[in-house]
Amino acid sequence: MSNHIRGRIVGREDSENSPVQKRTLLSAEYPGSKKLKLADEMTDTANQKRPNFSALSTSPNGINKTASLVNTKPGAAKKLVIKNLKEKPKLPENYEEQTWEKLKEAVIAIQTSKSIRYSLEELYQAVENMCNHKMASHLYLNLTTLAEQHVKANIQQFMAESMDRHFFLKKMNECWQSHCRQMIMIRSIFLYLDRTYVLQNPTIHSIWDMGLEMFRHHIVMNTLVQTRCVDGLLMLIEKERQGDAVDTTLLKSLLRMLSDLQIYQEAFESKFLLATERLYAAEGQRLMQEHDVPEYLAHVNKRLAEENERLLHYLDSSTKWALIHTVEKQLLTEHLTAVLQKGLDLLLEENRISDLCLLYKLFTRVKTGLQELCTNFNAYIKKKGRTIVIDPEKDKTMVQELLDFKEKMDNIVSKCFQSNEKFSNSLKEAFEQFINQRTNKPAELIAKFVDSKLRAGNKEASEEELERLLDKIMVLFRFIHGKDVFEAFYKKDLAKRLLVGKSASVDAEKSMLSKLKQECGGGFTSKLEGMFKDMELSKDINVAFRQYMSNARTAHLLNTIDLTVSILTMGYWPTYVAMDVTLPAEMVQYQNFFNRFYLGKHSGRKLQWQPTLGHCLLKAEFPQGRKELQVSLFQALVLLLFNQADNITFEEIKAATNIEDGELRRTLQSLACGKARVLQKTPRGREVENNDVFAYDSQFTNKLCRIKINQIQMKETNEEQKATEERVFQDRQYQIDAAIVRIMKMRKTLSHNLLISELYNILKFPVKPADLKKRIESLIDRDYMERDKDTTNQYNYVT
Amino acid sequence: MADEDNSSDRVDNETPKPEKMFTLKKWNAVAMWSWDVECDTCAICRVQVMDACLRCQAESKAGSGRQDCVVVWGECNHSFHYCCMSLWVKQNNRCPLCQQEWSIQRMGK
Ligand SMILES: [Zn+2]
Ligand SMILES: [Zn+2]
Ligand SMILES: [Zn+2]
């Protein structure tokens, strides 16, 4: 026990706030200081050699003058002492009694705060002498008795029937402080005893420890005193928690006392923790009702900070874990679900960055906090995301909203959730889940969004901004299950951009293509790449065609037309409605030339002309001046009719051109009702009727020399969209077949389950296991693979 | 026509009507090419002949093997992927559709 206490005190000596250490200046040495350790180390030599306490012998109080046995000069001391010892001088007969009386008088003087008649040096020497004459054990015993009597007497002041708690604590503190002060002084007188007799007898307490033992036994272990003391302390702490200013120095001193006396844990800590738990359990319940979530979280944060301050200022640091844990449990763990349900959605919705940071910080503290936060975060994204995706009314803004939503959530994960990987993964999972809640539409709209950004005339972004935007779109694209749906719609728009030369930037087109390739592999983009390749090849073909025409016998040509043909590979491009129209003879001549030229080069091919995609440049001789008109093929076919007649009816035009009815009405509308009206319609009006008569406008004027007459676009109908989706669905059959053959060719032999799981990795669209099974059956029928004869559910590749 | 101003103008303009109002200068046409086949699906691999055959698709990850995977016509005028047919004739030198002896009429280019 004594060693233990000594150890503890040694351990604490550096603490600036130690009530005892402040007083080390008063005495030459303080029990438990480093010098005590030094003495410990010197134990084995202490028997033979007396330590040289030069610090004491040169103390500035002039005691050294009276020193009779020790030479004041350090160094010389040893020799002299040894001589003296050898000579063994005789002591006066009643030396022990007289000396003890002297020491007793001094101790009582210290205990009663009176001045000591003898110099400290003289007393010290007296102790030394007694020790050196084998009176140590007696001396120790006497001292112990003296100390005990004094401490015992102190109990009375704490036993009064009723006592103000604060007053009690103050008194207790005074008593403790003076006990320490006295013991230090007493110990400095009896230092020699401590360093010889005590050290040589391990079972005996040092003087300091003996004092503590007395104080504990006679004062603090008294049930009434202890209860009053601890209750008083708890009362002060509770007051402080309620916001009152309290005497923290008093708190600190008394708690230190409990620690020094080894009863902090048993007498104080458990009661303290219980009080803490009760307080915060009630507070948590109440404030969850009264406050909104951000307020509540701020309060919890404040409480935790306060408790940490308490630890810093007066509580023993050993209480830290249990205290903080108790606060966290009562204020956080108990209310995790409630906090999340009541507040998370709102914080996310309103982008409350700092509140979310705090929420995350606090939830990190408790065991299931982050897990629950993550689950609720995920649920919010799914709920919110679904509202963006599911409502057809909001289709126009869906993609932009998705981009904004993703950016907002990303920002929250990185700023508030410390880029926690669990959260970013959960974010991805949630996006993937909700975006696929609506089949095909998001894929279609993302494709259209990309088109709007890649189309010429989109000046809202620089190249770099466009690139960044495409990257963001790719993130959304990654979540889409039906990637082939995206491809189908993307292809439709890409075709338009390529054929009309409306692409904003070749670099951006290529960049987007390579992003798609990177994401989905070459198989996914091969047809899109084929489209670019077709455009390149067409250039060469047209150069060769011009060459061909210059060598051909062209004398019979009705007109010289600059014909350029884009040759598209069927299958790469979207399918267009085949339309047979009647071309004027001059065009038929050129078309025939081209057919001969092209099919002569490529045997086994056929060409299908796509009038809907053609466009022309016409020279128009208006009375007011010559104009060049940039028109669609259909517009051109209509206008060319006016070379032969001035007034033509709708029916006549229809018969002459063979343009499909609806298409023709739109074409006439664009020529007679649009911005640049080169035709006049009778009667006037927007709708084209069967009996309407058209004439060219001889009055036509326009500032510009070259005029583009815009076509009236038919709104993409639902049927068209359905048709695109239908084609996508049909293509999936081929893709599944190809994927199965590819895998089987590589593996040669594979079990059904492994084949299915490999297929799921490869395919870029959702597919049911039953559908896969059907395709496998079909491939077995076609001898691409066979069932293994010995192992069930195993397939072999057939070469 | 209902407009009076217009009708008076029209009289003036009747005379200088040019010989040819509109002249076609440029024509940007679009044409789609495909193999000139009766049936657009290869009866052997059941993939459209415009796409690479099933084995070629499985072969190249890029899936762009179409250039090399051409179409072949028999004397019977039936057509297949050249790849598919050359494997087929190793076992059975007859057209899978009409059972005539297989001989190549022409190849796609
Ligand atoms: Zn085939
Ligand atoms: Zn092939
Ligand atoms: Zn045949």
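Predicted model: local features only at pLDDT ≥ 70, side-chain atom pairs only at ≥ 80, totals over all residues.
## Exercises: charges, burial and patches

Gln635(A) sits in helix H28 (residues 633–640) of chain A, where helices (H or I, at least four residues) and strands (E, at least two) are DSSP runs numbered from the N terminus. Residues are numbered from 1 along each chain as written, chains are lettered from A in the order written, and side-chain values use heavy atoms, without hydrogens and water.

**Exercise 1.** Work out whether Gln635(A) is buried or exposed, and what its side chain lies 2.7 Å from.

*Solution.* 
- Step one: buried means under 20% relative accessible area, exposed over 50%, and partly exposed in between (1.4 Å probe, protein chains only).
- Step two: Gln635(A) has 1% relative accessibility, so it counts as buried.
- Step three: a polar atom of the Gln635(A) side chain lies 2.7 Å from the backbone nitrogen of Ser632(A).

**Exercise 2.** Find where the partners of the Glu307(A) salt bridge sit, and which network includes them.

*Solution.* 
- Step one: a salt bridge is a side-chain nitrogen of Lys or Arg within 4 Å of a carboxyl oxygen of Asp or Glu.
- Step two: Glu307(A) pairs with Arg241(A), with the closest N and O atoms 2.8 Å apart.
- Step three: this pair links distant parts of the chain, Glu307(A) being in helix H15 (residues 293–313) of chain A and Arg241(A) in helix H12 (residues 223–241) of chain A, 66 residues apart.
- Step four: both Glu307(A) and Arg241(A) are buried.

For contrast, take Lys539(A) and Glu536(A), whose side chains meet in a salt bridge (3.7 Å, N to O). Both lie in helix H26 of chain A, three residues apart, about one turn of the helix. Lys539(A) is exposed, at a relative accessible area of 53%, and Glu536(A) is partly exposed at 47%. Back to the network: salt bridges that share partners join Glu240(A), Arg241(A), Glu307(A) and Arg310(A).

**Exercise 3.** Say why the salt bridge between Asp51(B) and Lys527(A) joins two chains.

*Solution.* 
- Step one: the closest N and O atoms of Asp51(B) and Lys527(A) are 3.4 Å apart.
- Step two: Asp51(B) lies in the loop between strand E1 (22–35) and helix H2 (54–59) of chain B, and Lys527(A) in helix H26 (residues 522–551) of chain A, so the pair joins two chains.
- Step three: Asp51(B) and Lys527(A) are both buried.

Note on methods
Polar contact = N/O pair within 3.5 Å; in protein donor to acceptor, adjacent residues only side chain to side chain.
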